[in-house]
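Have a look at the sequence and the model first.

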Amino acid sequence: MRATADAAGGAAAEAGLDRRLVELVNLRVSQVNGCAYCLDLHTAAALRAGETTQRLGTLPAWRDTRLFTPQERAALALAEATTTPADAALQEEAYAAAREALTDEQISAVIWVAIAINAFNRVSILSKHPVRPAAVR
C-alpha cells in the first residue's frame with residue numbers, strides 16, 4: 001500500500017498538483033471515512049506543507065467558503081465522489097467540474113490519491129491504529 005500511495009503522490013507531483021492539495025484530499029477523504037489516525041497524520045503533513053489552520057478548520061465545509069481555489073474545489077469534489085461511489089449523480093457532477101479545473105493527468109492523480117487514502121483509512125480503522133497525544137514542548 002505504501003508503494004501505491006507513493007506512486008499516487010508522485011503522479012500528483014508530476015501532474016503539477018501542489019503537496020498542500022494532495023494533503024487536502026487525504027484529509028477530506030479521511031474526514032468522510034472517520035479515520036482518526038489518518039486525520040492526525042495528514043493534518044501534520046498538511047501543516048508541514050504550508051497549509052493554514054483556517055483552511056484545515058473549515059475543510060469539512062469547503063463548499064461554504066471562498067477559501068479554496070477552483071482547482072482545489074474540483075479536486076475535493078472528485079475525492080468525495082471517489083470515496084462515496086454509490087452516488088452516480090455526485091460522481092458525474094464532480095467529474096464534470098474536474099474537467100473544467102484540472103488536466104486529465106491531474107484528474108487521474110486525484111482519483112489515485114483518493115483511492116490510496118481510502119485504502120489506508122480502512123486499514124487504520126479496522127486495525128484500530130491509535131492516535132497518541134502529541135509531545136508537549
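Start at Arg99, which is partly exposed at 44% relative accessibility; that label covers the range between buried (under 20% relative accessible area) and exposed (over 50%), using a 1.4 Å probe and protein chains only. Its partner is Asp104: the two side chains meet in a salt bridge, 2.3 Å from N to O. Here a salt bridge means a side-chain nitrogen of Lys or Arg within 4 Å of a carboxyl oxygen of Asp or Glu. Asp104 is partly exposed too, at 49%.

Before going on, keep in mind that this is a predicted model, where local features need pLDDT of at least 70 and side-chain atom pairs count only at pLDDT 80 or more, while totals for chains, interfaces and linings use all residues. Residues are numbered from 1 along each chain as its sequence is written, and side-chain values use heavy atoms, leaving out hydrogens and water.

Glu72 forms a salt bridge with Arg55, with the closest N and O atoms 2.7 Å apart. This pair links distant parts of the chain, 17 residues apart: Glu72 sits in helix α5 (residues 70-83) and Arg55 in helix α4 (residues 53-58). Glu72 is buried at 8% relative accessibility, and Arg55 is buried at 10%.

Zooming out, the protein has seven helices and zero strands, helices being DSSP runs of H or I with at least four residues, and strands runs of E with at least two, numbered from the N terminus.
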